[in-house]
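Q: I would like to learn how to read a protein model feature by feature. Could we take one together?

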Amino acid sequence: CALPISFLVVALGSVAYSLPRTIDLLGATRRADAHLTPAQRAIDWVSITTIPPAVVAFYRAHLRPGDRFYVQAPNTTASGDLYNTVFGVARFALLPHVPVARPGEADVVVSFDDDPRTLPVRYTSIARITSEGQTASVARVR
């Protein structure tokens with residue numbers, strides 16, 4: 001009986017401790033974004049990631065309605081896990097397109113700092129840009 005009560009007390013204490021800072025942060029974020037249009041607000045979060053917004057726009061421009069995409073990026077970097085960053089950004093920024101787990105299931109491969117030709121699939125075309133020293137590719141799978 002004491003364990004559930006202790007857990008509840010700790011949980012409530014944690015919420016009470018962090019709530020004022022959370023409210024302040026949400027208010028500051030709202031004030032900072034108040035000047036943005038709804039369209040800008042929808043994509044503004046992309047600008048705070050390590051993936052340049054131009055790369056996200058490039059990916060979007062090369063996807064057709066209903067495309068399934070595979071994300072290709074190096075597994076790790078000195079500053080963290082680049083693959084998970086790219087996958088997280090792509091998963092939301094490329095909605096309503098659907099991410100898939102294997103390149104063979106994809107209609108399109110979106111690559112960041114990697115070469116789609118190293119994957120075991122054939123392509124009909126590969127488009128590539130270079131932005132801020134990073135390479136992004138979109139490869140249409142056969």
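Q: Which pattern does the chain follow, read along the sequence?
A: Happy to start there. This is a predicted model, in which local features need pLDDT of at least 70 and side-chain atom pairs count only at pLDDT 80 or more, while totals for chains, interfaces and linings use all residues. Residues are numbered from 1 along each chain as its sequence is written, and side-chain values use heavy atoms, with hydrogens and water left out. Helices (H or I, at least four residues) and strands (E, at least two) are DSSP runs numbered from the N terminus. Here the order is α-α-α-β-α-β-β-β-β, which gives four helices and five strands.

Q: What share of the 142 residues in the chain is buried?
A: Buried means under 20% relative accessible area, exposed means over 50%, and partly exposed lies in between (1.4 Å probe, protein chains only). In this chain, buried residues account for 30% of the 142.

Q: Which residues have the most contacts inside the largest nonpolar core?
A: A nonpolar core is a set of buried Ala, Val, Leu, Ile, Met, Phe, Trp, Tyr and Cys residues joined through side-chain atoms within 4.5 Å. The largest one has 20 residues, and those with the most contacts inside it are Ile-51, Tyr-59, Phe-69, Val-86, Leu-94, Val-110 and Phe-112. Two or more residues come from each of α3 (53–61), β1 (68–72), α4 (82–93), β3 (108–112) and β5 (134–141). The largest share, five residues, is that of α4. Apart from this core lies another, of nine residues, including Tyr-70, Val-109, Leu-119 and Val-141.

Q: Why is β3 described as largely enclosed by the rest of the structure?
A: Look at burial along the strand: five of the five residues of β3 are buried, so the rest of the structure largely encloses β3. Val-108, Val-110 and Phe-112 point one way, while Val-109 and Ser-111 point the other way. β1 and β3 pair in the parallel sense over four bridges, with Tyr-70 opposite Val-109.

Q: Which side chain does Ser-137 join through a polar contact?
A: A polar contact is a pair of N or O atoms within 3.5 Å; within protein, one must be able to donate a hydrogen and the other to accept it, and residues adjacent in sequence count only if both atoms are side-chain atoms. The partner of Ser-137 is Arg-128, at 2.9 Å. Ser-137 lies in strand β5 and counts as buried because its relative accessibility is 0%.

Q: Which peptide bond is cis?
A: Most residues other than glycine have a negative phi, and most peptide bonds are trans. The bond from Leu-95 to Pro-96 is cis, with omega near 10°. Asp-113, which is not a glycine, has a positive phi of about 55°.

Technical notes: Two strands pair if DSSP finds at least two bridges between them.
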